[in-house]
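Morning, everyone. I have one structure to walk through today, so please have the viewer open.

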Amino acid sequence: MTYGIEFVPGNVNVKQVVNYCKLAESKDIDFAWITNHYNNRHCYPVLAAIAQATDSIKMGPGIMNSFTDTPAAMASFIATLNEISDGRAVLGIGPGDLSTLPKLAIEPSKPVGRLEEAVIQIRKLLAGEEVKKSGMKFFDYDGAKLTGVTLPGKKGIPVYIGAQGPKVLELAGTIGDGALINASNPKDFEVAIPIIKAANEKVGKKKFDIGAYTAMSIDMNEKKARNAAKIVAAFIAAGSPEPLLTRHGLDLDNVAKIKAALGKFDFKTVGELVGDKEIDAFTIAGTPDMVKQKCEDLTKAGVTQIIFGSPLGPDMTTSIRLLGKYVV
């Protein structure tokens, strides 16, 4: 089992993120994943700052997409980050946020096919190939080659695919080195992991890292920890399809009320509507003993990397220290 930690450079600034990553490294956390949203601080310079301030933690964007960034741009970036970090770079890439892209006047069509082509071209570029036309639909490069970067060599750079639906889970298992799955509950991995494993078997892939991109909230005070997780649980519930809500036994009428309250920015009502069922379905929240048990449950389900994601807890510094002492 390895452990990662996620930061959103929107609610914390770059210097804070770097300091939190240094603390995480001192607590033997293995990966730092930095979110990529157009309206926040850009993950590229944040990751470069982390690389220069740390010694052992691996780092990468969690996650990029091939709508807002081209495969060539991502390949150049990740090779540069790998150089700065002395070989500690990892690349998280997914189909893209289908709710955000239209706001940027981007039509998010054919996300799975686009993602597959992007990964193929990134790998070729990182291998030092001159990528010639091959009949690809989205990224049919014509003589593209990385000429002014330090290439990673035979070791390459691990590619983690952000996956939720069955098509992307299958793609991840087929062409990825790992998957980043936005889920905190073993029930979701009981559905996702068999799809990945079946794809692994088809291509003869024996080594694959299954990452649980959790919503984490830890504190010595159980009530404080769970209260800090309520808003995150609310947003996840509001954006989840009905089959997922049913899987976790949630009241669909109550989730509809949560969604309506979020739409009005009525967070007081949201806090009143979100209960233990929503929190336990979509987050890992509680005391160190509670969190440790839930992480063990994920391990039993087949998860091989647990990523401690937002909000982390009422106080980030305290949360990282608690995770290092009791969970990692």
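Predicted model: local features only at pLDDT ≥ 70, side-chain atom pairs only at ≥ 80, totals over all residues.

**Around helix α13**

Now the helix itself. α13 covers residues 316-327. It has 12 residues and spans 15 Å from first C-alpha to last, close to the 16 Å expected at 1.5 Å a residue.

Which residues of α13 are buried? They are M316, S319, I320, L322, L323, G324 and V327. Look at the spacing as you turn the model. In an α-helix there are 3.6 residues a turn, so residues three or four places apart point the same way.

Take α12 next, residues 288-301. The axes of α12 and α13 come within 10 Å and cross at roughly 65°. The crossing is right-handed. On the α12 side, the contact uses P288, V291, K292 and C295. On the α13 side, it uses L322, L323, Y326 and V327. By class, that gives seven nonpolar residues, no polar ones and one charged.

**S217 in strand β8**

Over to β8, residues 209-218, which holds S217. Is S217 buried or exposed? It is buried, because its relative accessibility is 0%, and the cut-off for buried is under 20%.

What does the side chain of S217 reach? One of its polar atoms lies 2.5 Å from the backbone oxygen of A225. A225 is also in the contact list of S217, along with A228 and A229. Further along the chain, S217 touches I284, A285, G286 and V291. V291 is one of the α12 residues that meet α13. Then comes a run from P311 through L312 and G313 to P314, again in contact with S217.

P311 lies in strand β10, and a cis peptide bond joins S310 to P311, with omega about 10°. L312 counts as buried because its relative accessible area is 0%. As background, most residues other than glycine have a negative phi, and most peptide bonds are trans.

There is another cis bond, between G62 and I63, with omega about 15°. I63 sits in the loop between β3 (58-61) and β4 (64-65).

D86 also has a positive phi, near 60°. It lies in the loop between α3 (71-84) and β5 (91-94). D86 counts as exposed because its relative accessibility is 69%.

**F282 in helix α11**

Last stop: F282, in helix α11, residues 276-282. At 5% relative accessibility, F282 counts as buried. Where is K230 relative to F282? The two are 52 residues apart in sequence and 9.7 Å apart in space, C-alpha to C-alpha.

The contacts of F282 include S184, A215, A233, I236 and A237. S240, L244, L245, H248 and L250 touch F282 as well.

That's the tour. Questions, please.

How values were computed. Residues numbered from 1 in each chain as written. Heavy atoms only, no water. Helix = DSSP H or I, 4+ residues; strand = E, 2+ residues; numbered from the N terminus. Buried < 20%, exposed > 50% of the residue type's maximum accessible area, 1.4 Å probe, protein only. Polar contact = N/O pair within 3.5 Å; in protein donor to acceptor, adjacent residues only side chain to side chain. Contact = heavy atoms within 4.5 Å. Axes fitted to C-alpha atoms, helices over the stretch in contact; angles between N-to-C directions. Left-handed = near helix turned anticlockwise from the far one by under 90°. Nonpolar A, V, L, I, M, F, W, Y, C, P; charged D, E, K, R; others polar. Expected span 1.5 Å × (residues − 1).
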